[in-house]
Amino acid sequence: MTLWELYITFFKFGLLCFGGGYMLVPLLSADLVGSAPGAPLTPEAFANLVSIAQVTPGPIGINTATYVGFTQQGILGACLGTLGIVTPALFLVILAIKLLKRYEKSVPVQGFLAGMRPASFGLVLSAALVFAELSVFRTEIPWGEFWKMVTGAGGSLGGFGLNWGCVVLAAVTVPVLMKTKFPFLWLLLLSAIFGAFFCQP
Amino acid sequence: MSGHSRHYSEIGVWERSWVLFWSYIKITSLVIGGGYAIIAAAQEEFVHRRGWLTDDDVLEMITITQTVPGILACNSAIYIGWRINGLPGSLAALLGSILPSLVTIVCIAAAISSVAEVIQNAYIQGAFRGVIACIVGMVIVTALKMRKKAVKGWFGWVIAAGCLVGMSVFGVNPAWLIVGAIVLGISQVTVLRLKKREGAEAKK
């Protein structure tokens with residue numbers, strides 16, 4: 001891919017990824033991944049990329065765009081891929097702020113807010129569950145097995161259980177952030193140190 | 001990380017952009033987990049520590065960042081930057097949100113195979129889990145702070161529960177949940193307005 005193609009491809013991804021960077025994974029795998037010699041990414045490289053992007057600090061979508069750009073065109077490619085993916089949002093977010101303000105009282109905006117406010121709350125809670133599955137719980141939550149137990153069809157929990165070090169950290173974080181002015185970046189660093197010894201898998 | 005905190009109206013335009021840029025650099029170079037984790041950290045920084053935005057602003061921010069396509073963390077940076085310092089603020093915060101990734105990923109990409117090995121180390125895995133557990137707490141705090149204003153009446157609880165169960169239990173693509181919530185919201189507001197009008201006409 002040339003630099004220009006890289007920018008345009010990621011600009012398109014930026015326009016298409018509704019619901020956040022997670023959506024980038026299916027988009028990327030449809031457009032860029034293949035085992036054919038001409039394909040920009042092999043399936044193995046892509047699998048590596050997804051796991052690295054998730055454990056590296058920073059927005060997952062940006063990590064992904066940077067990595068793909070780098071594999072195509074080096075450092076310049078990394079910069080252009082990243083800029084491409086954020087360009088549409090720069091215009092759209094500012095446009096959305098202005099439209100919401102301007103048509104505050106109209107039915108579409110009122111309805112939009114009536115639907116999106118509770119939806120945001122629900123999605124933030126499911127994000128907490130996603131993070132819990134990576135830390136507090138030892139595996140993903142086995143919803144299907146729970147359902148079997150409730151309906152009396154057997155079901156087994158397998159390796160599902162709690163990582164107690166993580167439980168302690170999560171439970172301490174909530175009151176500390178709600179009740180004190182303790183700086184959260186220090187809290188993150190302390191959690192990393194505590195976790196290295198008490199949260200091992 | 002010092003305790004001094006002045007309101008942004010008391011400082012110059014350049015300094016505001018600098019604070020936005022630097023705060024986002026700090027957040028995105030430490031916070032693992034992407035969008036929601038970074039939004040929770042930004043709320044801590046700009047609402048709780050600096051008092052530059054309110055919890056209501058954060059609710060509006062989350063509403064907008066999820067509806068507009070793009071990377072959640074970057075959308076939130078553009079929003080916060082715009083509210084505090086217009087376009088220069090948006091650009092500063094956006095740049096701050098992508099620079100650490102750019103640097104780290106380029107370094108990692110250059111040494112990907114050895115990095116993949118180091119990540120498997122038990123202490124490193126423990127540290128990751130510790131940070132993510134702390135982020136679980138941070139995201140729960142974000143949810144608690146937005147609940148009162150975000151979820152009103154049974155209608156709100158139905159949508160919130162629908163989104164939670166739809167995404168967590170059934171793995172529905174959040175884009176569909178968002179479209180569904182907006183359609184339901186607009187129908188509810190339309191019905192309420194029609195009822196109101198009927199009521200007003202009946203009184204006449």
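## Close-up views of a two-chain predicted model

**View 1. The interface of chain A and chain B.** In this predicted model, 94 residues of chain A are in contact with 103 residues of chain B, contact meaning heavy atoms within 4.5 Å. The area buried between chain A and chain B is about 8,800 Å², with carbon and sulfur atoms giving 82% of this area; buried area is the accessible area (1.4 Å probe) that two parts lose on being put together, summed over both. In chain A, the residues that lose the most area to chain B are Phe121(A), Phe131(A) and Phe184(A), which together account for 8% of what that side buries. Residues are numbered from 1 along each chain as its sequence is written, while chains are lettered from A and ligands numbered from 1 in the order in which they are written. Because the model is predicted, local features need pLDDT of at least 70, side-chain atom pairs count only at pLDDT 80 or more, and totals for chains, interfaces and linings use all residues; side-chain values use heavy atoms, with hydrogens and water left out.

View 2. Across the interface of chain A and chain B, 9 residue pairs are in polar contact, both residues being at pLDDT 80 or more. A polar contact is a pair of N or O atoms within 3.5 Å; within protein, one must be able to donate a hydrogen and the other to accept it, and residues adjacent in sequence count only if both atoms are side-chain atoms. On the side of chain A that touches chain B, two or more residues each come from α1 (3-16), α3 (43-55), α4 (60-102), α5 (107-134), α7 (164-179) and α8 (184-198) of chain A. Helices (H or I, at least four residues) and strands (E, at least two) are DSSP runs, numbered from the N terminus. The largest share of this side, 25 residues, is given by α5(A). By class, the side of chain A that touches chain B holds 65 nonpolar, 25 polar and 4 charged residues. Here Ala, Val, Leu, Ile, Met, Phe, Trp, Tyr, Cys and Pro count as nonpolar, Asp, Glu, Lys and Arg as charged, and the others, Gly among them, as polar. Across this interface, 0 salt bridges are found, a salt bridge being a side-chain nitrogen of Lys or Arg within 4 Å of a carboxyl oxygen of Asp or Glu.

**View 3. Chain B as a whole.** Chain B has 8 helices and 0 strands. The C-alpha trace of chain B spans about 75 × 45 × 25 Å along its principal axes. Of the 204 residues in chain B, 56% are buried; buried means under 20% relative accessible area, exposed over 50%, and partly exposed in between (1.4 Å probe, protein chains only). Among contacts in chain B with a separation of 6 or more, 59% are between residues 24 or more positions apart.

**View 4. A salt-bridge network in chain B.** Glu45(B), Arg49(B) and Arg50(B) are linked in a network of salt bridges. The side chains of Glu45(B) and Arg49(B) meet at 3.0 Å, N to O. Glu45(B) and Arg49(B) are separated by about one helical turn, because they stand 4 residues apart in helix α2 (residues 35-49) of chain B. Arg50(B) also forms a salt bridge with Glu45(B), and the closest N and O atoms are 2.9 Å apart. Both Glu45(B) and Arg49(B) are buried, and Arg50(B) is buried as well.

**View 5. A salt bridge between two helices of chain B.** Arg83(B) and Asp57(B) meet through their side chains in a salt bridge (3.2 Å, N to O). Arg83(B) lies in helix α4 (residues 72-110) and Asp57(B) in helix α3 (residues 55-67) of chain B, so the pair ties together parts that are 26 residues apart in sequence. Arg83(B) counts as partly exposed, at 32% relative accessibility, whereas Asp57(B) is buried, with a relative accessible area of 16%.

**View 6. The surroundings of Glu44(B).** Glu44(B) is placed in helix α2 of chain B and counts as buried at 3% relative accessibility. The side chains of Glu44(B) and His48(B) are joined by a polar contact of 3.0 Å. Leaving aside neighbours within four places in sequence, Glu44(B) is in contact with Leu177(A), Phe184(A), Arg49(B), Val141(B) and Lys145(B).
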